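Please have the sequence and the model at hand while reading.

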Amino acid sequence: MYIDSHGKMPDAIIHFTTNNWLVLIEAVTSHGPINPKRKKELEVLFRNAQIPLVMVTTFLSRKAMVAYLAEIAWETDVWVAEDSTHLIHFNGESLLQAYQIEKEQIF
């Protein structure tokens, strides 16, 4: 795969081999969130990728995320360091998703 060396690369690129995804990660502290403009830039930059792209904006806290919430592009994800075991999906295709509740979570 050829990558345009003049393009603005994301902060981190991970090949998630389990699903064969290319995960493009932007730390909001370096360039801001993956907004619609940035999403398009990344799609152009990685247009020759032969595997699906997953785009993730990272924040240190939910409080830090609030300032950028309206800018985050649909069809991207958000990871927050203070809640590191979860992702927030900005998914415009799915309206609702049911989750299984573990017995230990019920009070």
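## D83 and its partner

D83 counts as partly exposed, with a relative accessibility of 27%; partly exposed lies between buried (under 20% relative accessible area) and exposed (over 50%), with a 1.4 Å probe and protein chains only. D83 and R62 meet through their side chains in a salt bridge, at 2.9 Å from N to O. Here a salt bridge is a side-chain nitrogen of Lys or Arg within 4 Å of a carboxyl oxygen of Asp or Glu. D83 lies in the loop between β4 (76–80) and β5 (87–90) and R62 in helix α3 (residues 62–66), so the pair ties together parts that are 21 residues apart in sequence. Helices (H or I, at least four residues) and strands (E, at least two) are DSSP runs, numbered from the N terminus.

## Basis of the model

The model is predicted: local features need pLDDT of at least 70 and side-chain atom pairs pLDDT 80 or more, whereas totals for chains, interfaces and linings use all residues. Residues are numbered from 1 along each chain as its sequence is written, and side-chain values use heavy atoms, leaving out hydrogens and water.

## Pairs involving helix α2

The whole structure contains six salt bridges. In one of them, E26 pairs with R38, with 2.5 Å between the closest N and O atoms. Because E26 belongs to strand β2 (residues 21–27) and R38 to helix α2 (residues 36–45), this pair ties together parts twelve residues apart in sequence. Both E26 and R38 are buried. A network of salt bridges links E26, K37, R38 and E41.

K40 forms a salt bridge with E43, with the closest N and O atoms 3.9 Å apart. Both residues lie in helix α2, three residues apart, about one turn of the helix. E43 is partly exposed, at 29% relative accessibility.
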